[in-house]
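Welcome, and please have your viewer ready.

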Amino acid sequence: MMRGPPSVSRRLLIAVALPLLLFFVLTASAIDYVFRQQSTAALRARLEEQVVALITAVDLDFDGKLVVNLLDPESRLDVPGSGQYAALRDDNGKLLWSSPSLAGTDLTLGSKLPVGGVDFRYQTARDGSTIAELSRGLQWAYGSGLSKKLVFTAADSTAPQMRELWLFRQRMASWFGALDLVLLATMAWMMRR
């Protein structure tokens, strides 16, 4: 027995379902973009705070050499491979200090920057993880009228940020998927009535 053409209500439901699905996909993409931008801004702000902490930790010893006195006894900078890193370079790019956490990562933190320059970038560690890095060039004053041009760098693994983004995407997909199904079921019920 031959089937007839689809009913008007079925065709109407399909005609409404496709734009609705497209609308949800575009809305989810826009929300995802905003979430990623906010997450990156929060990561950058956190790195800015770490650079400020590094600046305040730098001092001169009795021989006139730069030393870094980290005040946080539970600092992840002391744990190799912890995902949090820091480095200090002079204005020629020479490494003056690096955190113990950098050991074995093959990461090169910091770049040649002018005073007042800021550089934010991503790089990949040997283990494949992505690291966000923020460097700031400063005229570091010490003693009476003496100063040095230094580049302070803080870096952090993006793994927690990526996990948070993945969870957000899963929740958003389930909520939008459920909402889409409820709306389609409601429209199908209304068309049959």
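Select Asp 119 to begin: this residue is buried, with a relative accessible area of 17% (buried means under 20%, exposed over 50%, partly exposed in between, with a 1.4 Å probe and protein chains only). You are looking at a predicted model, where local features need pLDDT of at least 70, side-chain atom pairs count only at pLDDT 80 or more, and totals for chains, interfaces and linings use all residues. Residues are numbered from 1 along each chain as its sequence is written, and side-chain values use heavy atoms, leaving out hydrogens and water.

Asp 119 sits in strand 5, residues 118-124 (strands are DSSP runs of E, at least two residues; helices are runs of H or I, at least four; both are numbered from the N terminus). Now show Arg 121: its side chain makes a polar contact with the side chain of Asp 119, at 2.5 Å (N or O atoms within 3.5 Å; within protein, one able to donate a hydrogen and the other to accept it, with sequence neighbours counted only if both atoms are side-chain atoms). Leaving aside residues up to four places away in sequence, Asp 119 touches Ser 111, Leu 113, Glu 133, Leu 134 and Ser 135 (contact means heavy atoms within 4.5 Å).

Next, go to Phe 24, which is buried at 8% relative accessible area. Its ring and that of Phe 176 form a tilted aromatic pair, 5.4 Å centre to centre with 50 degrees between the planes (Phe, Tyr and Trp rings, six-membered for Trp, pair with centres within 6.5 Å; planes under 30 degrees apart are stacked, over 60 edge-to-face, the rest tilted). Phe 24 lies in helix 1 (residues 8-57) and Phe 176 in helix 2 (residues 159-192), so this pair ties together parts 152 residues apart in sequence.
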